[in-house]
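Please read it beside the structure shown here.

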Amino acid sequence: MKTVRTSPHIHGPLRTDKAMLFVVIALLPSALWGIWAFGLRALLVLCVSVAAAVLAEYLLGLVSKEFTLRDYSAVVTGLLVGMNMPPAVPLYIPVIASAFAIAVVKWTFGGLGCNWMNPALAGRVFVFFSFTSQMSSFTLPRWMMIDTVSSATPLSQMKAAVSAGAAGNSTELLTGTIPSTDFALSVADKLGISPYAVDAALGNVGGCIGEVSALLLLAGGIFLIATKIITWRIPVIYIGSFAVLSWVFGGIPYGLGAFHGEILLPVFSGGLMLGAFFMATDWVTTPTTPKGEVIFALGCGFFTFLIRYFGSLPEGVSLAIIMMNIITPTIDRFVRVKPFGYVRKPRKTKEAKA
């Protein structure tokens with residue numbers, strides 16, 4: 001006797017394992033750049049993160065009798081956790097983050113497809129608030145010739161400058177605190193933009209292992225859109241809404257007034273590209289309708305802007321996406337697809353009732 005499960009019953013050629021492999025392929029360029037920029041220590045952090053996630057998945061599979069290693073979801077989770085780690089982070093931290101992501105966020109709620117927030121993001125946020133000092137100590141790329149510096153990222157340095165009462169654009173606030181490459185200075189002089197935006201796009205800044213090269217993350221995101229693993233709505237609207245808010249209101253905390261905020265540096269800095277293309281687009285934790293995706297993406301852009309510019313933290317991508325993950329069931333509840341063949345009944349007028 002054949003069991004018929006709940007809808008939908010449409011079958012397609014895309015399987016979970018194939019989709020996860022495509023995500024790994026899309027992440028590889030930025031991961032390899034992180035290894036090139038920060039050395040073998042970054043490779044070790046990535047390997048430990050993936051190994052911890054896979055081991056946790058295997059052990060929990062033994063308990064539940066559901067062996068899901070072949071779908072590569074644990075590999076993707078571990079890789080994302082590792083890419084969200086500073087290069088010099090103690091190795092026990094990515095282990096804890098990966099184990100928390102798999103055991104608590106994923107398996108506690110029923111495994112793949114049942115988690116209510118992105119596991120990698122949850123693991124990253126858990127260890128960030130548990131080990132804030134270690135998670136805030138970043139290494140600049142090897143060719144910048146500066147050793148580990150606490151919070152040596154453009155976002156954190158600008159947040160510190162504003163907290164100290166300084167005002168101005170990124171070039172004025174960051175000059176003398178973070179070095180720029182000669183190439184970035186040359187390009188910035190010709191285009192009239194911040195050299196730190198150029199370095200952030202290319203990956204010549206401090207940060208987490210997999211988030212420093214915005215252009216490589218953008219290339220990986222385009223690959224996922226082209227292969228139809230994700231849709232364009234969430235990443236494009238997320239980044240676009242954040243960019244607009246940064247331009248309109250982002251200059252206010254820096255004493256520049258409205259419509260004087262920067263766009264390129266905030267978009268290319270931090271984890272925006274990594275979050276928008278690879279974590280905000282998680283199939284399980286995002287709305288199921290196009291209109292719902294638009295609402296979700298706008299919310300991510302708004303909360304990221306709010307936390308970055310007016311919160312106490314220099315980065316807000318992880319928290320913004322998690323907050324919208326929590327709101328996703330509410331979005332799906334009120335933004336519904338009309339059933340096929342549905343015809344809305346006309347409302348009765350007062351005369352008809354009489």
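Helices in this note are DSSP runs of H or I with at least four residues, numbered from the N terminus; a loop such as the one that holds Y72, between α2 (40-64) and α3 (73-83), is named by the helices on either side. The model is a predicted one.

1. Overall composition. The protein's secondary structure amounts to 17 helices and two strands. Of its 354 residues, 49% are buried.

2. The largest nonpolar core. This core holds 81 residues, and M85, Y238 and F278 have the most contacts inside it. Helix α1 (residues 16-38) gives the most to this core, contributing ten residues. In soluble globular proteins, nonpolar side chains tend to be buried together.

3. The surroundings of M85. Which residues does M85 contact, leaving aside its neighbours within four places in sequence? They are V45, I93, P94, A97, R124, V127, M135, C208 and I209. Another core, of five residues, lies apart from the largest one and includes A53, A56, A74 and I102.

4. A56. This residue belongs to helix α2. Beyond its neighbours within four places in sequence, A56 is in contact with A99 and I102. The C-alpha atoms of A56 and S98 are 8.0 Å apart, although 42 residues separate the two along the chain.

5. The pair α15 and α16. Two packed helices are described by the angle between their axes and the distance between the axes. For α15 (residues 290-310) and α16 (residues 317-334), the axes come within 8 Å and cross at roughly 145 degrees. The crossing of α15 past α16 is right-handed. On the α15 side the contact involves G292, I295, F296, G299, C300, F303, T304, I307 and R308; these meet V317, L319, A320, I321, M323, M324, N325, T328 and I331 of α16. By class, the residues of this contact comprise twelve nonpolar, five polar and one charged.

6. Positive phi values. Most residues other than glycine have a negative phi. Y72, which is not a glycine, has a positive phi near 65 degrees. K228 likewise has a positive phi near 65 degrees and is a residue other than glycine. K228 is placed in the loop between α11 (214-226) and α12 (233-249). Are these residues buried, partly exposed or exposed? Y72 is partly exposed, because its relative accessibility is 33%, whereas K228 is exposed, because its value is 71%.

7. G111. The loop between α4 (92-107) and α5 (119-130) contains G111. G111 counts as buried because its relative accessibility is 4%. From C-alpha to C-alpha, G111 and L60 are 9.6 Å apart in space and 51 residues apart in sequence.

8. Cysteines. A disulfide is a covalent bond between the sulfur atoms of two cysteines. How many disulfides does the model contain? The count is zero, with a pair of cysteine sulfur atoms within 2.5 Å as the criterion. C47 is partly exposed, because its relative accessible area is 44%. C114 is also partly exposed, because its relative accessibility is 42%.

Methods
Residues numbered from 1 in each chain as written. Predicted model: local features only at pLDDT ≥ 70, side-chain atom pairs only at ≥ 80, totals over all residues. Heavy atoms only, no water. Core = buried A, V, L, I, M, F, W, Y, C linked by side-chain atoms within 4.5 Å. Buried < 20%, exposed > 50% of the residue type's maximum accessible area, 1.4 Å probe, protein only. Contact = heavy atoms within 4.5 Å. Axes fitted to C-alpha atoms, helices over the stretch in contact; angles between N-to-C directions. Left-handed = near helix turned anticlockwise from the far one by under 90°. Nonpolar A, V, L, I, M, F, W, Y, C, P; charged D, E, K, R; others polar.
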